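Visitor: Please take me through this structure by way of questions and answers.

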Amino acid sequence: MLCCLISKTSGKAKIGDYEIGSQENALKIRKMIGLVPDNVGLYESLTAYENLDYYGTLYRRTDAQRKESNEYFLKLLGLWEKRDALAGTFSKGMKQKLAIARALVHDPEILFMDEPTANLDPESAKTVREFILELKSQKKTIFLNTHNLDEAQRICDRIAILNTKLMAVGTAQELEKSVHGRKTVIHLRQVDEAILDSLKKLRVKNLVREGNKLTVDVVNPEEENPDIVSAIDTAGGRIETVTVIGSSLEDAYLKLVRENKQ
Amino acid sequence: MPWKIARKELKVIRRKKSIMFYTIALPFLLAALFSLVIRNDVASGIPSNLQLGAESILYFFVVLAAVLPSTIAGYSIVGEKIEKTLEPLLATPTTDGEILLGKSLAAFLPPMLSMWAGASTFMAVADYILRNAGLSYYYFPNWNAAVMLLILAPLAAIFSVEAGVLASSRVTDVRGANQIAGLMFVPFMAVFVAGVEGIITLSITTLLIFAGGVAIFDVGLYFVSKGTFRREEILTKWK
């Protein structure tokens, strides 16, 4: 819908300065976006270079612009040596990289990516992720659609959780904070009453002792943990490890989906 | 832009050996077959009905012009859908008209060039046979041949291409599109049969009238193709 491939059902959305919905704006929007669909959709009987060059012509790039961008992206993604090989002979990872290059040949302001690392081996997925981060550092707006929450957390500045409808939008930290149930686990060399008293004074929630391990409930570990560590240190405790468990982005996602189903 | 789309299509077609073989070989096979027919007919001298026989045979190349593009045209849109290349294509700022025209050009050019080459070969061989059989002049080329090959055949090919592209954007599998597009030779075959049976004479006037009718259909089909090309439906409803 945002790529103007299908009509909007209701509501409003803007890409750049153009509102989706009209045929006239659709053409303008398509000029300023790049799309990496879930299916790479390459012409398998064309070479890697021909695939890029064809899309360059569809975006009305000049011969010189196409030559420059084709070479730049093929080299950047490690496909230059394979530029004359048919796309049909490429591995999944290479095809995915070529599809990303294809979406970038016209230097779009906004890039839409649908599951760009799905079905890739870990090495190829890492290459693609690093390339996306590189694009991000070039101030491109990237709209990444993924089921991989770890990937979303690593790449995205803002995350929207969708489950038939938009359920939440925010940074990874903001979404994580929306879910209670995170715990800080502290391993000490030795736990004594002074340490327990100092933590009770901090009014930590659900303090549990198991041998030399203490567990407390936290809402915002980044803010609460320094105080906890400081209190233990002041009470003479020797901390071995501090670990935050539970309530990741995945927990936030699962909680929101469950709520939506109810 | 349509020419750029056509150029890519031609590259893809060039690498599909079965389509290339069918497109190139058929006109030459027919040229060889029809040359044998002419040779048999003149074995005992120039026949009195030479014009009817030679013109009817040449008209068959018009029928061929309506048959050959169906494979390429039928594959044009549904092929993109099957190979999953349609989504990125439709995400570019290319208009429906440019896509349809580009695809049509690519489906039109190879069959037409191939048909002209086959018809030229046939005319050259037929002239050679007829001259050896005692005809005092070169029978081909003549005005009838010019109207058939330079006016009617291209219009027939356009008719087939447009019907093929239209079918390709309305059906969900290549075979269905090819079958529908393949039917477009029927009106041209009907004229061929009518000519052979003597119901009509394949004179310049008859051929021009028929060409005029085909041209009207060609224009109409273009607008129908453009008006019924539903990007969204193709993307969302075809599986």
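Guide: Two strands are said to pair if DSSP finds at least two bridges between them; helices (H or I, at least four residues) and strands (E, at least two) are DSSP runs numbered from the N terminus. The model is predicted, so that local features need pLDDT of at least 70 and side-chain atom pairs count only at pLDDT 80 or more, while totals for chains, interfaces and linings use all residues. Residues are numbered from 1 along each chain as its sequence is written, and chains are lettered from A and ligands numbered from 1 in the order in which they are written.

Visitor: How many bridges join β8(A) to β11(A)?
Guide: These two strands run antiparallel. Within the pairing, A:Lys183 has A:Ile245 of β11(A) as its bridge partner. The number of bridges joining β8(A) to β11(A) is 6.

Visitor: Which residue in β10(A) is the bridge partner of A:Ile186?
Guide: Strand β8 (residues 182–188) of chain A also pairs with strand β10 (residues 213–218) of chain A, in the antiparallel sense and over 6 bridges. For A:Ile186, the bridge partner in β10(A) is A:Leu214.

Visitor: Which are the edge strands of chain A in this sheet?
Guide: The sheet is open and has 4 strands, in the order β9-β10-β8-β11 of chain A, with antiparallel pairing. From one strand to the next the twist averages 15 degrees. An edge strand pairs on one side only, and in chain A this is the case for β9 (205–210) and β11 (239–245).

Visitor: Which helix lies across β8, β10 and β11 of chain A?
Guide: The helix spans residues 221–234 of chain A. It runs at about 25 degrees to β8(A), where axes are lines fitted to C-alpha atoms, for helices over the stretch in contact, and angles run from 0 to 180 degrees between N-to-C directions. The helix that lies across these strands of chain A is α9.

Visitor: Is A:Asn206 buried or exposed?
Guide: A:Asn206 is found in strand β9 of chain A, and its phi is near 50 degrees, a positive value in a residue other than glycine. A residue is buried if 20 or more other C-beta atoms lie within 10 Å of its own, exposed if 12 or fewer, and partly exposed in between, with C-beta atoms placed from the backbone. Because 9 other C-beta atoms lie within 10 Å, A:Asn206 is exposed.

Visitor: Where is A:Thr164 found?
Guide: A:Thr164 is not a glycine, yet it has a positive phi of about 65 degrees. With 8 other C-beta atoms within 10 Å, A:Thr164 is exposed. Its place in chain A is the loop between β6 (159–162) and β7 (166–170).

Visitor: Which element gives the most to the side of chain A that touches chain B?
Guide: In total, 23 residues of chain A are in contact with 19 residues of chain B (C-beta atoms, placed from the backbone, within 7 Å). On the chain A side, α1 (23–32) and α2 (48–58) each supply at least two residues. With 5 residues, the element that gives the most to this side is α2(A).

Visitor: What does A:Glu50 count as, exposed, partly exposed or buried?
Guide: A:Glu50 is found in helix α2 of chain A. Its C-alpha atom is separated by 52 Å from that of A:Thr243, 193 residues apart along the chain. As 19 C-beta neighbours lie inside 10 Å, A:Glu50 counts as partly exposed.

Visitor: How far apart are the axes of helix α7 and helix α8 of chain B?
Guide: Helix α7 (residues 143–168) and helix α8 (residues 174–182) of chain B pack at an angle of about 150 degrees. That makes α7(B) roughly antiparallel to α8(B) (angles over 145 degrees count as roughly antiparallel, under 35 as roughly parallel, 65 to 115 as roughly perpendicular and the rest as oblique). Their meeting residues include B:Ala163 in α7(B) and B:Ile180 in α8(B). The axes of α7 and α8 of chain B are apart by 8 Å.

Visitor: At what angle do helix α4 of chain B and α7(B) pack?
Guide: Among the residues that meet are B:Ala73 in α4(B) and B:Val161 in α7(B). The axes of α4 (residues 69–82) of chain B and α7(B) are 7 Å apart. The two helices are roughly parallel to each other, and their packing angle is about 30 degrees.

Visitor: Which residue does a cis peptide bond join to B:Phe140?
Guide: The residue lies in the loop between α6 (96–132) and α7 of chain B. Omega of the bond is about -10 degrees. The residue joined to B:Phe140 is B:Pro141.

Methods:
Two residues are in contact if their C-beta atoms, placed from the backbone, lie within 7 Å.
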